[in-house]
Amino acid sequence: MTTTPSDNPHTDPTDSTVDPGEQDEVTNVRYLPSHRTDRVVVDRSTTEIEAIDRPGRTAVERAGEVLDCEVLDAELVSDEDYRAAQRQAAVERYRGYRRDVVAVARLTRTVATHRRTRALFRHAVAYPLAGAGVVARRWRDSHSVNRFERQMRAAEAAGDQEALRYWQEARDAEKQRRHQRVMDWARLPGQLVKAGVIAVVGLAAFLLVLGVILAIDSGQFTDVIGPIAAVFDAVAFAVWFLTTYGIVMLLAGTVLGAGYLYAQGRTHAEMPAWLSVPDDQGEGDSLDRLPDEGTIIKALLGLNIPGFKQAVKEGWKPRFRQVPHVDGKGWRAQIDLPLSCPVEEIVKRKTMLAHNLVRYPIEVWPTEPSPSVLDLWVAKPGALSGPVDPWPLLDDLDHTRADYFEGVPVGVTIKGDMVRGRLFEANYFVGGMMGSGKSTQVITLLLGAMLDPLVDIDVVVMAENADYEPMKPRLRSLVAGAGDETVNACMGMLSDLFEEVSVRGRALREHDARAVTRALAEKDSRLRPRIMVVDECQNLFMSEHGRDAIETAVKLISTARKYAITLMFLTPEPSKDACPRKIITVTSNKACFAIGDHQANDAVLGSGSYKAGISAVGLTPKTDEGPGDVGTCMQRGFTAKPGLLRTFFVNQDDAHRVTARALQLRDQHGITTTPAEREPERDSLADIAAVLGDAPRMKTLDVLQRLVELHRPTYQPWTARDLTAFLTEHEAAPYKTEGAMQISAARIREAITVRDEHEGDDTA
């Protein structure tokens, strides 16, 4: 039906269908926001809407204005349809609410788990809180006997009764000390009060006496309180100062404390897995998918180490000292290992570990930085391939110069950091297969040393090669060859260097200095740096002079550290004979290139290196199929911790350029660059006659000893058999008398005469 104002008390009073006289009786209508539905039937021809008037609902609507109602056609909609429509509308509303809740939840989870959010939370909250925990644990350990209890339990588990008694005594002593300290703190308040009262009374008495003196002097009684007033003024100033700057100091202290806690938490605390993503993991970085702790533990479980598997079964919880994080051209992690799982066992299974981590064995390096700690460094795929950056000293060669006392660039780490090879107070032993890059490393060091005009360099190559020929004009001496002459020359150089230590020692005493410095080297030519290279050193150490060479080299390395003398040994066949353990022990810098087995690895890098993960066994030499790992070595002594080193490469043309620059620097300093002059060959018959002196004869061994004292480089290698053979050749062989072989002075003089006459005939 059609509604009218009289029929509906909620009719709009402004509606044109309402009689003006009846408007006062019409109830006011409050308009509420709503929307129209498809169930509203509108008669477009009039300004009124036809609908069903239901209890509790308004059924009048002006065209264009919707009230809180639903206008239905009574002929089209029944009560059942109306209730179904209401239920459907409610369901749709609830579905909308659910979609909104899901969207908000997803957005919240995305924001909460985002890398940057975790990084912000880690740096702003987690690290400081973890640092506070670290500091609290340290304070608890330092103010309690927990650490003693732990040591006692460990000693008891190990069955070490002596250690158990030691830690029990230490615990009891610590308890007594702490008890005494507590008692001291208990007495401290009374002592402070007593001291404060005494100080106040004393100060008041002093000020009173001072005021009386001033009053007597000036005749004014008010001067008595002058010092007291000054004290009050000082106190007031102190209060003002502390009040004014107290907030600033408090804020500064808070910032410093928070920074300290942050540093402690970041360095020492263990972060949960969801916070372990490092900040420098960029979106475009190829290492953006770092392994989590679970991945590493799973890879270690795959090694089938009984102790590790048993610990995991018993509920062992891994503690990462360093969570996986980007480290140079790879990632690194450190983890405390459980009992019965030494790092050595993991190193033995390095190939399997690399497989579990989807890497080549050469790209995985497990080491033991401290007891029971696994340091795992995994290279980025391909990090060991590709050329190394050019040698830095070639950038501006015309103006480049080096300093022996500061070292020279020798290579880069896997992370890409440049490494400087020390020359002063350093010695080198380099081993590896042929073609692996040994000579390249030493040549790089020598080229850098040549750019210091003060350095003198001697090179002995016990083989026929031309590796050092480009540097020959700048070298002090270059001896090459595979014969005994080269071995003898090398032995003579070592002996000369050892004798020169005494000369340098006297020079240092004259200058009242403890070690050679650059200033002293420039002032005194006796203290100029010396470098000696012995390539193919196995030919020296395995010769008949090997024992003497080893002893001389060890003494020279041990004593020449502060005298600016550097020795470098190279060998392609590392073994206990070619790499004497005495020399390896005292050598500071050791480098092992591609090698065959762990025995050879330890021969160069030192005993136990392979077990500790310091291994070059995985490196491959150059072959017809490719360059392999040429120029890459495992080093000890070049950096603070052992690790891989990629050596700079200088080709022959650049080596000639460096030599020319080195000669130019040498000339600018006025230093002669000609090779060292060799001493003329000794006249052995004359030397024997000299040691015999006026004696008619002398025992062969005594003559040999005096010859060594006369000129060690020449006669140190001689034996009694060598001396007898020499004299027999000159028809002055020793003879036996008085129970010993002796040399006749008369026969020596006769041999000299015969030789001189023969030489005179040849000359004529």
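Biologist: How many bridges join strand 8 to strand 10 (residues 530-535)?

Modeller: Six bridges join these two strands, which run parallel. Strands here are DSSP runs of E with at least two residues, and helices are runs of H or I with at least four, numbered from the N terminus. Two strands count as paired if DSSP finds at least two bridges between them. In this pairing, V459 has V533 of strand 10 as its bridge partner. This is a predicted model, so local features need pLDDT of at least 70 and side-chain atom pairs count only at pLDDT 80 or more, while totals for chains, interfaces and linings use all residues. Residues are numbered from 1 along each chain as its sequence is written, and side-chain values use heavy atoms, leaving out hydrogens and water.

Biologist: Which way does strand 9 (residues 477-480) run against strand 8?

Modeller: Those two are parallel as well, with four bridges between them. D458 stands opposite S477 in strand 9.

Biologist: Are the faces of strand 8 covered or open?

Modeller: Buried means under 20% relative accessible area, exposed means over 50%, and partly exposed lies in between (1.4 Å probe, protein chains only). In strand 8 (residues 456-461), six of its six residues are buried. D456, D458 and V460 lie on one side, with I457, V459 and V461 on the other.

Biologist: Which residues have the most contacts inside the largest nonpolar core?

Modeller: A nonpolar core is a set of buried Ala, Val, Leu, Ile, Met, Phe, Trp, Tyr and Cys residues joined through side-chain atoms within 4.5 Å. The largest one here has 103 residues, and L446, Y468, I531 and F569 have the most contacts inside it. Helix 11 (residues 484-510) gives the largest share, nine residues. Apart from this core lies another, of 26 residues, including F308 and V364.

Biologist: What does I531 touch, leaving aside its neighbours within four places in sequence?

Modeller: Contact means heavy atoms within 4.5 Å. Among the contacts of I531 are Y404, L446, V455, I457 and M568.

Biologist: What is the strand order in the open sheet of four strands?

Modeller: The order is 1-2-4-3, with antiparallel pairing. Strand 1 (319-326) and strand 3 (364-367) each have a single partner strand, so one side of each is left without a neighbour in the sheet. Strand 2 (residues 330-336) and strand 4 (residues 373-379) share seven bridges, and R332 stands opposite W377 in strand 4.
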